[in-house]
Amino acid sequence: MAPKPTLEQSNIVDAFTPGDKNLVVEAGAGCGKTTLLKMAARAVPNRKGMYIAYNKALRNDQPVLTPDGWKVIGDMCVGDLVIGLDGKAHSVTKVHPRGVRPMFEVVFSDGTIVVADEEHLWLTQTITYDARPVSPVKWRIRTTQQIADTVHQKHRVPHLQAAAELNHRHDLPISSYLLGALLGDGSFCHHAVLFSCAEDDLVELVRAELPEGHAINAQQDGGRGRSWLISGGRKGSQGSNKVMAALRDLGLHGHRSGTKFVPPMYLYASAEQRLALLQGLMDTDGCASGVQSFFRTTSKQLADDVVFLAQSLGGVATVGQHENGSYLVNVRLGRVFKVI
């Protein structure tokens, strides 16, 4: 037997029945939204429609990407901006505290872990393995519990459909490509900026990105390879080296390969600047194997930063640690994550 509608529910159904205008109902958690939808459907049995209810509960410390970087969901307020699936910034319209609830750890194939309750809604796609060729099933909204019950079906969730529109910074102290190249094959621990490279075409790419009046010249290196000195000023004096000054201001000066990182203003720069940074990194410490691309580093932070750059551009990146202690980042564009 259907439950007896409350006065509020009756008024809403009466307003919905004519179907001559849009109806917006603001409702909180646990107030009978699903029951109300069923009542509305029974009131107009000949009218077709789609009913979608968004009930979401993530643990308060879970990160959310905003145009200014990551922010924990527990600190989000109405009016805050978050990055949506389309890569654009969208306003938070309502915040619904859910109290204390049982939680699941949802583990993705890239190593990401999201903590959500059993009712949290996900857009997922599964793969049908009993057909040849293997074919994907259409995208559907599923709860965490439904995914847990069918995790063997290899659920996939969509990644960003376009590069995230983060807060653009057009006044970067040095070009994004140059910084990426120096993070890959540069040395700036002492009083000089050195670049190690045996490829003339790559040296020319770096030369083209130097500030006006700066030069890059080959150094004697005892036959160990080719080392290049980046100098500034009319006579090449280090005192007027804008590249060195930028590295100091960015907090990178003195860092060796195991502690390098991408400064925040570059991580959250425009999509074009982030892409140029990733290109500089890949041109120096990247490699390709078939259709896959990899970036190798001894810095865990730099590996994580490369993952973020790729993902913020609509790609997928996973990081693993080699037995020698280095980190290998697999960078791919235009893929989806899989729940494991």
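This is a predicted model: local features need pLDDT of at least 70, side-chain atom pairs count only at pLDDT 80 or more; totals for chains, interfaces and linings use all residues.
Helix axes are here lines fitted to C-alpha atoms over the stretch in contact, with angles running from 0 to 180 degrees between N-to-C directions.

**Helix H4 and its two partners**

Helix H4 covers residues 176-185 and helix H5 covers residues 200-209; their axes come within 8 Å and cross at roughly 135 degrees. Angles over 145 degrees count as roughly antiparallel and those from 65 to 115 as roughly perpendicular, and H4 and H5 are therefore oblique to each other. Their crossing is left-handed. On the H4 side the contact involves Tyr-177, Leu-178 and Ala-181, which meet Leu-202, Leu-205, Val-206 and Glu-209 of H5. By class, six of these contact residues are nonpolar, none is polar and one is charged.

H4 also packs with helix H8, which spans residues 271-285; here the axes come within 7 Å and cross at roughly 30 degrees. Because angles under 35 degrees count as roughly parallel, H4 and H8 are described as roughly parallel to each other. H4 passes H8 in a right-handed crossing. From H4, the residues in contact are Ser-176, Tyr-177, Leu-179, Gly-180, Ala-181, Leu-183, Gly-184 and Asp-185. Their counterparts in H8 are Gln-273, Ala-276, Leu-277, Gln-279, Gly-280, Leu-281, Asp-283, Thr-284 and Asp-285. The contact of H4 with H8 comprises seven nonpolar, seven polar and three charged residues.

**Helices H1 and H2**

Helix H1 (residues 7-16) packs against helix H2 (residues 33-43) at an angle of about 40 degrees, and their axes lie 10 Å apart. That angle makes H1 oblique to H2. The crossing of H1 with H2 is right-handed. H1 contributes Gln-9, Ile-12, Val-13 and Phe-16 to the contact, while H2 contributes Thr-35, Leu-36, Met-39, Ala-40 and Ala-43. Seven of the residues in the contact of H1 with H2 are nonpolar, two are polar and none is charged.

| Helix pair | Axis separation | Crossing angle |
|---|---|---|
| H4 and H5 | within 8 Å | roughly 135 degrees |
| H4 and H8 | within 7 Å | roughly 30 degrees |
| H1 and H2 | 10 Å | about 40 degrees |

**The second largest pocket**

The second largest pocket has a computed volume of about 310 Å³. It is lined by 19 residues, of which Thr-112, Asp-304, Val-307, Phe-308 and Gln-311 are the closest to the pocket centre. Two elements, helix H9 (300-312) and strand E18 (315-321), each give two or more residues to this lining. H9 gives the most, with seven residues. Classified by residue type, the lining of the second largest pocket holds eight nonpolar, seven polar and four charged residues.

Definitions and conventions
Residues are numbered from 1 along each chain as its sequence is written. Side-chain values use heavy atoms; hydrogens and water are left out. Helices (H or I, at least four residues) and strands (E, at least two) are DSSP runs, numbered from the N terminus. A crossing is left-handed if the near helix is turned anticlockwise from the far one by less than a right angle, and right-handed if clockwise. Contact means heavy atoms within 4.5 Å. Ala, Val, Leu, Ile, Met, Phe, Trp, Tyr, Cys and Pro count as nonpolar, Asp, Glu, Lys and Arg as charged, and the others, Gly among them, as polar. On a 1 Å grid over the protein atoms alone, a cavity is a set of points where a 1.4 Å probe fits but cannot get out, and a pocket is an open set with protein on both sides within 12 Å along at least five of seven lines; lining residues have an atom within 4 Å of a point. Grid points are joined across faces, edges and corners, and a volume is the space filled by probe spheres set on the points.
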